[in-house]
Amino acid sequence: MLRQLMYVWALTLSSISSLAQKSPETPITITLTDVSLAHALQEISQKSGVIFSYNPKKIPAGEKITYRATNKSVLAILNDLSNQYNLKYMQVENQIVLKPEKKVSVPKADLPVTISGYIKDQKTGEVLIGTSVYIPELQTGTTTNAYGFYSITVPKGSYTLKYTNLGFKPLIKSMTLTNSIQTDLAMEEDVPQLEEIVITDTFKEDIVSEIQAGKLHMNPATVEQRPAFFGEQDVIKSLESVPGVKMHSDGSTFFSVRGGNRDQNLVMIDDAPIYNPSHLLGLFSTVIPDAVNDINLYKGDMPASLGGRLSSVLDIRTKKGNDQNFQAWGNFGLISTKLGVEGPFKKSASSYLLSTRISRLRWITQLRDNNIKQFNFTDLTAKVNVKLNSLNRIYLSFYTGGDNYFAGNSGISWQNTALALRWNRIFSERLFLNTTFSGSGYDYFLHTDVEKGMKWNSRIANLSVKSDFTYFASPESEVTFGTGIQGFGFNPGNIQSSSPTNLPSLSVKNSVELFLYGNHEVKLSEAWGVSYGLRLSSWMNNGDAFEYTFDENHNPVDTMTYAPGQTYKRFGRVEPRLTINHQLNPQASLKFSYAKNVQNIHLISNSISPFTSLEVWLPSSINIQPEVSDQVTVGYYRALSDAGINFSSELFYKLMKNQIDYTPHAETLLNPQLEGELRFGKGTAYGVEFLAKKDEGRLRGWAGYTYARSKRKFDELNGGKTFNSFYDRPRQFNLMASYDLALRWNIGMNWVYTTGAPYSAPISFYEFNGEEVPVYGQRNNARLPDYHRLDVSAKYKLNRSPEKKYQHDLTFSIFNVYGRKNILFVNYHKVETSAGDFQVPLNLTDAERLTTQFYLFQFTPSISYNFRWR
């Protein structure tokens, strides 16, 4: 199967690359009046059929041209343009590649100079992450880091620096550099125009030149334009449009990346982990796009600075707050109300941001059931940043969110809390430091008797401090290194009560992790680049704790007790990273990557259902080995500049060791010997992913396809035979689009298709003590029906002018337009009553069993009102 996948992948790429073209000797007639060089090349291509390949950063693509030719060959026209713009061209395979004729001669100096600084939004002062900085004279450049900082070292001389970022007007600065300087610059927002944008100076080809595989950058504006359930835009829900990411189901924010389990994904907000990013039993996530500045998803091939999970890291950076002017924004929807404020304490020096979201569900639920006492969720995000001086900045971020669902005298609730204090320090023009102190906590409560204060509580919490250094050795060489320590506390589930109970007690566990990493990214030549790194980690379990040991049949044989502070188990791991990038031409590249990842915290859940699971986190310890994965990725990347489209295709194979599952009929609640119920095995995942992405123009969107498999094998489960994992859904189609009908109207659509999820269906039943008991055969021997859904939305701006301070709009959306019944689970033991309802009978032996299916949402319309005052 893997060999067949590789063949299909290679065949597809070959067909994409082998586009037919006409001869460059073909004569054409063309008239160009005051258009950009990029537009001129596109016109020539349309008339002649000749395909051009070039990097708009390296030729003067934005220069205006007026030109006329009558019955002139393409080669003759190219000669004219080459002489005018100092270009050279060559035919490579089936296309003509354009390059600068030669680099401008730059006087050498004994000591180079460095230009560095922060790039910001002119209106808000928000740092612009991922801004491209390019020097045409040297044909070299860099991008700003996660804090909007850049550094580039060059010989002394006079240069033109070109700054570009999607959604902003290009900024061009001419500088004569005789000494190293630090200069902070502000870029002006590019107000959208109705005209179709074919090629612009802001089109990014970083997907080709970047030495990173398995990474996807998401613009928060893209998330906001996507049709959303009940109008609630959602960062994590939007991941269902990403090839290789599979959502659990409707009504859940659980997701799997490249065949991994849901706990193998690290979600971080400003470097602080969020352990359960869900609201309303999983219908919405905790992340509000309005407060987000930047989103990056790493699918296994993570930088050496990130670790702790096998499958992915979702790195979310929140806005720091407007340090130029006060502004407020908000949203009124059917489910919740959002409100945010931000502004400067001192202009250009310090700012704040505060946003909150409150659900308005209680009145809706009480209309149907007066027994419901609480049914709500809340979010609160806050951030403060202070510029101490040109070399030092401090950021303080805080998040808390919780859910409460109570009916009668029982209920469930959970709470996430995260805090991060970050210090940015510029030691020199080339050395940048970020030190982060962070803490996170997650509590899950099952309230069994509210009046008596009895509840079951599981908890995970951590504190960490780390320092990340970046050394900008040269435009072609960047070194990152750092170290850190983090401590974890685990409560695997104990009863809390106002009165004494005889229920068993489970040991609270404590762990410490030390890590050290280094990574070097270097451009070896115009065609080759490599990034290699190493992450070293040491995991330790410390008392006060007690642990059970088990024999080969999983029977307890001893209890080990450890004093406070006593270290009783250690794990050391080495995690190498390697990525090689071969640039075939300015608009296409091949990449190879290998990454080993280690995970020492494990989610033990007693159900795959998003509604009934009891969540327990446990550390690697005496009975649980660290999970380990090895992933290899091979990818082809192409920038279709004329169309403004980035295309990528990645073929991956992942081997996972020490995967965790349960023995059948496991006792998971209040079981001190829970680790004896666990079984360990291995997993494999492999597949191919395709993604075409267009971020500019009136029509924007993504189109993706994935074919992937995910398997598990446990010696003590399923007779030792390999079985499909729950997230084994081979085929996945994704299509997301947004179109500007007019300056005030935008329409959007989102269509998703995946193969149905596997599940274990009973193969027969038998009677025991008057009850029918199901008999199961192979694990996950059946599949739910395939999942597919179409969502649409329309946004109408109520303002005629985008320059007004108060901007507001209405968004109309429909979730599941054609009312597809997407099945969540199947029941095998119900009967139909005379009223047409289904229920579990008291005596199954005298009733005819029916198979019933459960689904959540069909055709669901919604409307929301959004506003922003600036």
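Biologist: How does the length of helix 2 compare with what it should span?

Modeller: Helix 2 covers residues 37–48, and its 12 residues should span 16 Å at 1.5 Å a residue; the end C-alpha atoms are 16 Å apart, so that agrees. The expected span is 1.5 Å times one less than the number of residues. Helices here are DSSP runs of H or I with at least four residues, strands are E runs of at least two, and both are numbered from the N terminus.

Biologist: What am I looking at, and how is it numbered?

Modeller: It's a predicted model, where local features need pLDDT of at least 70, side-chain atom pairs count only at pLDDT 80 or more, and totals for chains, interfaces and linings use all residues. Residues are numbered from 1 along each chain as its sequence is written, and side-chain values use heavy atoms, leaving out hydrogens and water.

Biologist: Back to helix 2: which residues are buried?

Modeller: Leu-37, Ala-38, Ala-40, Leu-41, Gln-42, Ile-44, Ser-45 and Ser-48. Buried means under 20% relative accessible area with a 1.4 Å probe, counting protein chains only.

Biologist: And what follows the helix?

Modeller: Gly-49, with a positive phi near 80°.

Biologist: Zooming out, how many helices and strands are there?

Modeller: The chain has 6 helices and 56 strands. It runs to 870 residues, and 55% of them count as buried.

Biologist: Okay, holes. How many cavities?

Modeller: There are 13 of 30 Å³ or more. A cavity is a set of points on a 1 Å grid over the protein atoms alone where a 1.4 Å probe fits but cannot get out, and lining residues have an atom within 4 Å of a point. Points are joined across faces, edges and corners, and the volume is the space filled by probe spheres set on them.

Biologist: What's the volume of the largest, and what lines it?

Modeller: About 340 Å³. It has 26 lining residues, with Leu-266, Met-268, Gly-307, Gln-486 and Arg-535 nearest its centre. Strand 30 (454–474) gives the largest share of that lining, 4 residues.

Technical notes. 1 Å grid on protein atoms, 1.4 Å probe; cavity = no way out; pocket = protein on both sides within 12 Å on 5 of 7 lines; lining within 4 Å. Buried < 20%, exposed > 50% of the residue type's maximum accessible area, 1.4 Å probe, protein only.
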